[in-house]
Amino acid sequence: MSNWKIGVITASDSISKGEREDDRIGVLRQLSQEFLQADVAVYRTVSDDMEELKEQMIELVDREKCDLLIVTGGTSLSPRDVTPEVTSWVIDRPVPGFAEEMRRAGLQQSRRAMLTRAVAGTRGNSLILNLPGNPKGVDICLRAIADMIPDALHILQGREQTREEWGGYGW
């Protein structure tokens with residue numbers, strides 16, 4: 001097991017009210033194990049409310065000390081989809097390459113992927129990622145970037161890998 005602490009927030013009015021099951025958390029738990037050798041340590045569901053989502057994101061990064069915070073849902077165009085706006089308030093620095101790669105991978109499956117407004121960025125030494133609100137989208141997007149998440153976390157936390165560990169290729 002790695003020593004990454006992973007937090008997940010599901011942003012969904014219906015899931016937070018208990019009106020339906022969160023069908024994406026199982027996918028996230030499986031992919032976290034597969035690609036990061038880590039369990040989801042903290043999991044919350046919140047409504048698509050800007051203030052509540054902001055409070056929970058800050059809580060999981062600043063107080064719970066999650067290395068990686070994944071926020072699913074709220075990334076499309078409906079009026080209640082506010083995750084990218086809230087993420088932009090919370091992050092210190094954007095990391096557009098993650099969002100670009102997720103959209104690129106999504107477009108290989110569906111043209112609708114260009115409608116996602118997902119954001120990625122850092123807050124302190126934590127990485128925050130927005131993923132879609134459906135399990136297939138979560139799977140496609142996380143698989144597209146999973147290999148770079150450990151590198152990003154190592155760099156953010158000052159544990160950059162040696163030249164031998166990353167194969168001698170770098171920017």
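Arginine 24 and aspartate 22 form a salt bridge in which the closest N and O atoms are 3.5 Å apart. The model is a predicted one, and the count of salt bridges in it comes to 11. Side chains of opposite charge can pair when their charged atoms come close.

**A buried pair**

- Arginine 24 has a relative accessibility of 1% and therefore counts as buried, since buried means under 20% relative accessible area.
- Its partner in the salt bridge, aspartate 22, has a relative accessible area of 12% and is likewise buried.

- A salt bridge joins arginine 143 to glutamate 34, with 3.3 Å between the closest N and O atoms.
- This pair connects distant parts of the chain, as arginine 143 belongs to helix H6 (residues 135-145) and glutamate 34 to helix H2 (residues 25-36), 109 residues apart.
- Arginine 143 counts as partly exposed, at 36% relative accessibility.
- Glutamate 34 is also partly exposed, with a relative accessible area of 36%.

- Glutamate 101 and arginine 104 meet through their side chains in a salt bridge, at 2.5 Å from N to O.
- Both residues lie in helix H5 (residues 96-107), where a separation of three residues amounts to about one turn of the helix.
- Glutamate 101 is partly exposed, with a relative accessibility of 26%.
- Arginine 104 is partly exposed as well, its relative accessible area being 38%.

**A network of salt bridges**

- Salt bridges also link Lys5, Arg44 and Glu64 in a network.

**The largest pocket**

- Rolling a probe the size of a water molecule over the atoms shows where empty space is left.
- The lining of the largest pocket consists of 32 residues.
- Nearest the centre of the largest pocket lie Thr75, Ser76, Pro132, Gly133 and Asn134.
- By class, the lining of the largest pocket comprises 10 nonpolar, 14 polar and eight charged residues.
- At least two residues of this lining come from each of H5, strand S6 (126-131) and H6.

Conventions:
Residues numbered from 1 in each chain as written. Predicted model: local features only at pLDDT ≥ 70, side-chain atom pairs only at ≥ 80, totals over all residues. Heavy atoms only, no water. Salt bridge = Lys/Arg side-chain N within 4 Å of Asp/Glu carboxyl O. Buried < 20%, exposed > 50% of the residue type's maximum accessible area, 1.4 Å probe, protein only. Helix = DSSP H or I, 4+ residues; strand = E, 2+ residues; numbered from the N terminus. 1 Å grid on protein atoms, 1.4 Å probe; cavity = no way out; pocket = protein on both sides within 12 Å on 5 of 7 lines; lining within 4 Å. Nonpolar A, V, L, I, M, F, W, Y, C, P; charged D, E, K, R; others polar.
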